[in-house]
Amino acid sequence: MKKLLLLFFTLAIYCQAIAQNRSSISGVVNNANSQPVAGASVALLNTNYSTVTNAKGEFAINNIPQGTYTLHITSKAYAERSQVISVSGKGQLFNINLQDAGKQLDEVVITAQKREEQLQQVPVSVSTLSANDVQAYHLQNLKDITGIVPNLYSAGPGDNRNVTGLRGIATTSYDPAVVTYIDGINQFSLDTYIPQLFDVERIEVLRGPQGTLYGRNALGGVINVITKKPSNQTSGFAEAEFGNYGEQRYSLGLRAPLIKDKLFLGVAGVYSGFNGFYTNEFNNTKFDKQHYFLGNYYLKFLANEKLTFTLNVKNYENRNNGPFTLAGNPADAISNPFKVDQNATTKIIDNIFNASLSANYAGSGFNFTSVTSYQKNYRYYTTPIDGDFSPIDAVSLINNYGSNWNDVKVGTQEFRFSSPASSLSPLKWTAGLYGFYRSAPTKTGTHFGADAAAVGAPFPDFTSINTNIEHNYGFAAFGQVVYTINPQWDITAGLRYDLEHKKEEVKGEFQPDGGDIMVTQADTSSKANFKAFTPKLTVAYHVSENNNLFASYSRGFRAGGISQLGSDPSQPPLYAYKPEYSDNYEIGSKNTLFNKRVRLNIAAFYTFVNNAQVPTLVLPDAITVTKNAGKLQSKGIEAEIAATLFKGLDVDYNFGYTHARYKDLLVASNGNAVNLQGNHQVYTPEVTSMLALQYAYELDNTHTTRLVARGEWRYLGKQYFDLANQIEQKAYNIFNARAGVSLKNYEVFVWGHNLANKTYIDYAYDFGATHLGNPRTYGVTLRANF
């Protein structure tokens with residue numbers, strides 16, 4: 001005991017001595033012409049230390065623990081710059097020169113490994129889109145990144161939610177295969193998922209399994225969306241957009257310090273609406289007129305230079321007068337585009353609320369982060385929705401049974417520790433704990449009307465009511481270390497253990513029209529437990545400051561579950577299916593060339609999936625029954641090229657090839673087992689290819705007044721939408737353009753998407769119902785920055 005006390009006091013004295021070894025840095029930020037750059041943001045990565053340059057380009061940061069840091073500088077019209085510095089002694093001076101954005105690429109910083117690092121130094125395949133990229137590509141929904149990110153495909157099934165696949169690992173149910181994080185919060189399932197993009201600072205897409213740091217369902221990869229946060233700089237914007245099909249979009253935002261260096265506020269909101277693409281031939285009316293509002297609110301409190309608290313609240317209210325704009329089959333969708341013929345029309349009410357509280361401590365001995373989140377979604381149809389997608393009175397779905405039903409709630413908690421930014425040790429580490437709880441009570445009535453015989457019902461005019469109540473919770477412990485053997489070699493090793501418990505309660509009822517309810521399936525329930533180890537090992541070789549090689553192995557998993565109750569008696573409920581596992585091997589190379597004018601990143605991957613979860617959509621309930629039915633092999637290559645060829649001309653080209661086939665696949669069909677070995681994976685184009693050219697012509701010497709012209713070509717290869725590979729979309733091209741003027745505080749742009757008005761299948765269900773990609777759209781965007 002005495003020895004332990006002695007050790008404790010020795011460590012305390014040592015830590016106190018370290019804490020007293022503090023210093024300061026200062027300097028000047030100039031441009032290439034040695035003129036001062038005012039208003040540039042200067043930050044030490046992975047700390048709370050940041051400041052802004054004054055009118056003379058000067059900056060100063062005081063009371064910094066001695067050590068090695070990465071200094072990152074950003075300023076509009078200049079390329080982002082990072083510089084490794086060593087802080088020691090009483091004070092040091094650093095002079096930073098920035099290059100024009102039109103002459104050099106940004107030195108991008110990402111948080112892929114849950115710490116701020118330079119993109120080109122991280123041994124992970126990551127695609128990034130900056131705030132400028134989001135505007136240039138005119139991205140308003142996460143599915144719009146299809147084709148931009150190599151080997152990524154995302155589409156909407158018709159209900160304003162996205163399903164996303166990456167490298168042949170496809171989302172086929174409400175448990176995604178590609179995890180989406182927004183401001184550090186896991187969008188747990190498609191129920192609480194916000195697809196709209198707004199006020200974005202950066203999008204990071206991590207390709208390949210990321211289970212070690214991100215956990216369940218990061219089987220195909222991770223999409224990180226980071227929105228803009230408030231600081232000491234007061235800034236804001238107002239934007240209005242008008243387009244064809246009656247599109248109107250208005251957004252407004254403000255970020256400002258309430259108390260300088262202490263309390264900061266950020267408020268932003270967007271309203272968007274349009275008259276819809278589809279016409280309902282049943283009553284000759286517009287079918288999918290819709291609008292939504294999305295708000296994003298921040299309150300940030302800097303207690304001291306070490307401790308920060310951030311409260312973030314998001315609310316998303318979506319109103320859609322024509323959900324599930326589906327033609328009955330692909331042939332009808334293509335031959336008679338953007339027309340449906342449905343007798344039952346309704347309005348979807350979708351209310352999502354997300355809130356999180358984070359605490360960040362950046363100390364001299366360690367960094368600590370706590371993230372607590374609460375997510376809620378209440379979603380229902382005001383009247384029954386058409387379940388047969390036709391003019392006959394056969395099937396309609398009812399889910400408006402009151403606020404106690406179809407109200408999904410999720411709570412998550414993560415504690416994370418990591419080595420401090422100032423550490424001189426060759427060992428960088430991250431470790432933490434994660435937990436969640438989810439409650440999903442759903443109640444759906446399937447009504448069979450006068451024409452029920454047309455869909456095989458034994459008689460008409462009754463409702464089958466299915467109640468499914470899901471409760472699940474889980475815990476995880478994870479850790480990852482990066483060991484620098486020497487300046488050229490480092491090794492990353494990680495391991496995560498997940499334990500998850502699921503409980504499903506079901507009840508079935510039958511109600512004749514105007515009659516009493518009868519119980520067909522008494523209350524019953526089932527429980528299941530799932531666990532998984534997800535290791536990771538990466539070896540990186542830094543050939544030079546601008547050339548890096550890496551090779552990695554990682555394991556991914558998608559959580560198991562319990563099947564729901566539907567109206568089809570051939571699909572019994574409470575069937576437990578196992579987690580889906582994958583083994584992923586990858587080699588990659590990251591290169592910055594020609595004095596930071598060109599960035600070339602390439603990768604090759606091989607993935608083998610065991611216990612592949614194969615879903616079967618049970619109609620008309622729209623319930624997915626999932627079983628472990630196969631093995632999948634996916635392999636391919638990726639390349640990303642970004643170049644500034646000469647001042648003002650930027651070129652981006654991204655390419656992906658995926659060969660994804662089932663090595664073993666047995667599925668049920670009409671009571672028989674059908675062997676689909678060798679078939680293509682669904683929602684996986686063989687090729688994704690994107691070329692973007694942008695030229696900005698400066699009208700003066702301030703670097704703030706420019707004429708901009710941009711063109712884009714996207715090519716998506718052949719893909720299939722059902723496991724039998726009967727529903728096919730052949731390869732197609734999409735052309736987009738954007739042009740306008742950008743002033744210091746104002747922007748005016750005209751834009752057009754799908755300029756050739758290509759008709760193509762965006763999403764199709766395995767029973768044939770088909771949703772098309774958007775037709776030609778065009779409009780004008782007006783923006784003011786202040």
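In this predicted model, the side chains of Asp-350 and Arg-379 meet in a salt bridge, with 2.9 Å from N to O, the term standing for a side-chain nitrogen of Lys or Arg within 4 Å of a carboxyl oxygen of Asp or Glu. The pair links distant parts of the chain, since Asp-350 lies in strand E26 (residues 348-362) and Arg-379 in strand E27 (residues 367-381), 29 residues apart; strands (E, at least two residues) are DSSP runs numbered from the N terminus. Asp-350 counts as buried because its relative accessibility is 3%, and Arg-379 counts as buried at 8%, where buried means under 20% relative accessible area, exposed over 50% and partly exposed in between, with a 1.4 Å probe and protein chains only.

Local features in the model need pLDDT of at least 70 and side-chain atom pairs count only at pLDDT 80 or more, whereas totals for chains, interfaces and linings use all residues. Residues are numbered from 1 along each chain as its sequence is written, and side-chain values use heavy atoms, with hydrogens and water left out.

A search of the whole structure finds 26 salt bridges. One of them joins the side chains of Arg-661 and Glu-686 at 3.5 Å, N to O, and this pair too links distant parts of the chain, with Arg-661 in strand E41 (residues 649-669) and Glu-686 in the loop between strand E42 (672-675) and strand E43 (687-698), 25 residues apart. Arg-661 is buried, with a relative accessible area of 16%, while Glu-686, with a relative accessible area of 24%, is partly exposed. In a further salt bridge, the closest N and O atoms of Arg-714 and Glu-712 are 3.7 Å apart, and both of these residues are buried. Salt bridges that share partners also join Arg-167, Arg-207, Glu-586, Glu-638 and Glu-640 into one network.

We turn now to a sheet. Strands of a sheet pair through backbone hydrogen bonds, either parallel or antiparallel. Here 3 strands form an open sheet in the order E4-E1-E7, with mixed pairing, two strands being counted as paired if DSSP finds at least two bridges between them. The edge strands are E4 (58-65) and E7 (92-98), each of which pairs on one side only. Neighbouring strands of this sheet are turned by 25° against each other on average, direction ignored, the axes being lines fitted to C-alpha atoms and angles running from 0 to 180 degrees between N-to-C directions. Strand E1 (residues 22-31) pairs with E4 in the antiparallel sense over 6 bridges, and Val-28 stands opposite Glu-58 in E4.

Technical notes
Helix = DSSP H or I, 4+ residues; strand = E, 2+ residues; numbered from the N terminus.
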